[in-house]
Amino acid sequence: MASTISLPLYEKIPRKNALQRTSDIIIFFLLLSLLTYRLLHLKNHGTTWLLAFLCESWFTFTWVLVLNMKWNPVIFKTHPDHLLQATGEPVELSSVDMFVTTADPVLEPPIIIVNTVLSLLAVDYPTHKLACYVSDDGCSPLTYYYSLVEASKFAQLWVPFCKKYDIQVRAPFRYFSNDHVITLSDSTKEFQHERKRMKDEYQHLCHKIEVAVQKSVPPCDFTGDFAEFSSVECNNHPTIIKVVWENKGLPDGLPQLVYISREKQHKHPHHYKAGAMNALTRVSALMTNAPYMLNVDCDMFVNNPKVILHAMCVLLGSKSESEIAFVQFPQVFYDGLKDDPYGNQMVVLYEYIGHGTAGLQGPFYAGTGCFHRRKIIYGLSPDNMASINGKLIEDIFSKIGNSKELTKSAIDALEGKTGTPPNHNLHSHIEAAYKVADCGYEYGTSWGTKLGWFYGSTTEDIQTGLRIHKRGWRSVNCMPNPPAFLGCVPSSGPTSMIQQKRSKNQPYMYQLLSFSHTTYTHYPST
């Protein structure tokens, strides 16, 4: 940052919970009383009571673990307004790379990705400091053309409209679904006219996407910009990288927008979403190399336009640089079933367990709605923050791969020399980006083991977050009002069961405390 911030950017507020503690202690002693009673009368009831005693002992053990986690709940309150100095001069904000992942154009149709991308492009943040990367593991021309090319055209109208009238909900489908909120008495004729124009443009875009999806045909012939999509398969295709929109350093333009479909071959494991995230990390390091990275699923749109400012309050705090690795926003869902009958809206998890873990080392990484420090994704530990020496740089050389450009960008990230310089040309890094997105690039490197998102689990988010915590880093649970992100949640029993099936190989406590992976990006098996 260019200047020192005198006002606190966030507060850690203990949450009063005397009644909850009393209730938990009473339950704990009741459980101990039951176990004691079982044990004293075990000889008189035989095998049945022994089994009951074992089951209740296990339940008591898990109860103690959960009780320990939620004993000291805290709330982190952020102050985005404090990012402005008392003199009114703005702080030099850091650059942010935003990642959106998708893998199936049928289960995740383009209209969903369009709304997520548009909500990201329209956040309240200097646009020349932002870059949005969309990873398409399905290698679909429909996703590329409609989710990015057509979306960028509509964004040139939508983003200025949102910022001019301070629109709070910046995902078009949610904004235009609240027509009853807008009345003649609380809006000018100019606003009504522009809003109608935006709605007509959006409906036109939706109609084009609907027709294309129903006919299952590409948006045009496989020529020119679409030549690379000819004869491709979902799990067997070369790398495709397209710079859809490039910001030339204009603070009032659109953020950078890049499409990535990493190379896939049948004989090479692609490691699902973890592999996609690592490819995004490498490609973005060459193109923009922002010090912070936000990743969201394609169905989690921005609900609070100041979300990045809230995250920066934590990440730019005075002691955060050497303590906090990532800022996790809770997953909140729209149009969920009343009383959450399937338990997949995770209200209890974030309301009780979430606040409790925030008082310890911090919340788990949930796989979406999370801001990471790039240098920590490269394996940096708190002990290395004081000095970046030659031994550490040499270690990076041996782990990151044989791309000199990527190695240089990683060293710049570790030394704090990150961000896009003025008059930066994204197209000049395309060739190097293709190289690091190849399916064979990771062989002989530490990607997936010591660097980036970790492999070996279908729930890569839990594993990655736990390993970051293991190195000594903390995390913060940020819960602004309104919620930062909103997503869709399964509304039927079978769909909910399919969602939770991905967690079957995780240890029981991981599932108990985090309900495992609540990311709805579909990664089909190869």
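## Terms and model

Buried means under 20% relative accessible area, exposed means over 50%, and partly exposed lies in between (1.4 Å probe, protein chains only). By that rule Arg262 is buried, because its relative accessibility is 7%.

This is a predicted model, where local features need pLDDT of at least 70, side-chain atom pairs count only at pLDDT 80 or more, and totals for chains, interfaces and linings use all residues. Residues are numbered from 1 along each chain as its sequence is written, and side-chain values use heavy atoms, with hydrogens and water left out.

## Around Asp137

Side chains of opposite charge can pair when their charged atoms come close. Asp137 and Arg262 form a salt bridge, 2.7 Å from N to O. (A salt bridge is a side-chain nitrogen of Lys or Arg within 4 Å of a carboxyl oxygen of Asp or Glu.) Asp137 sits in the loop between strand 4 (130-136) and helix 5 (141-164), and Arg262 in the loop between strand 6 and helix 8, so the pair ties together parts that are 125 residues apart in sequence. Helices (H or I, at least four residues) and strands (E, at least two) are DSSP runs, numbered from the N terminus. Asp137 is buried, because its relative accessible area is 1%.

Lys264 also meets Asp137. Lys264 lies in the loop between strand 6 (256-261) and helix 8 (272-287). At 5% relative accessibility, Lys264 is buried. A polar atom of its side chain is 3.2 Å from the backbone oxygen of Asp137. Leaving aside neighbours within four places in sequence, Lys264 has contacts (heavy atoms within 4.5 Å) that include Cys234, Asn235, Asn236, His237 and His270.

Arg38 and Glu56 are buried.

Lys164 forms a salt bridge with Glu190, and the closest N and O atoms are 2.9 Å apart. Lys164 belongs to helix 5 and Glu190 to helix 7, so the pair links parts 26 residues apart in sequence. Lys164 is partly exposed, at 48% relative accessible area. Glu190 is partly exposed, at 47%. Salt bridges that share partners also join Asp124, Asp166, Arg170 and Lys306 into one network.

## Two packed helices

Helix 4 (residues 110-121) packs against helix 7 (residues 189-215) at an angle of about 145 degrees, and their axes are 10 Å apart. Axes are lines fitted to C-alpha atoms, for helices over the stretch in contact, and angles run from 0 to 180 degrees between N-to-C directions.

From helix 4, Pro110, Ile111, Val114 and Asn115 take part; from helix 7, Tyr202, Leu205, Cys206, Ile209 and Val213. These residues divide into eight nonpolar, one polar and no charged.

## Nonpolar cores

A nonpolar core is a set of buried Ala, Val, Leu, Ile, Met, Phe, Trp, Tyr and Cys residues joined through side-chain atoms within 4.5 Å. The largest core has 74 residues, of which Val96, Trp158, Ile308 and Phe371 touch the most other members. Helix 5 gives this core its largest share, 13 residues.

Not counting residues up to four places away in sequence, Trp158 touches residues including Leu118, Pro172, Phe176 and Met198. A second, separate core has 43 residues, among them Ala131, Val283, Trp447 and Tyr455.

Note on methods: Polar contact = N/O pair within 3.5 Å; in protein donor to acceptor, adjacent residues only side chain to side chain. Nonpolar A, V, L, I, M, F, W, Y, C, P; charged D, E, K, R; others polar.
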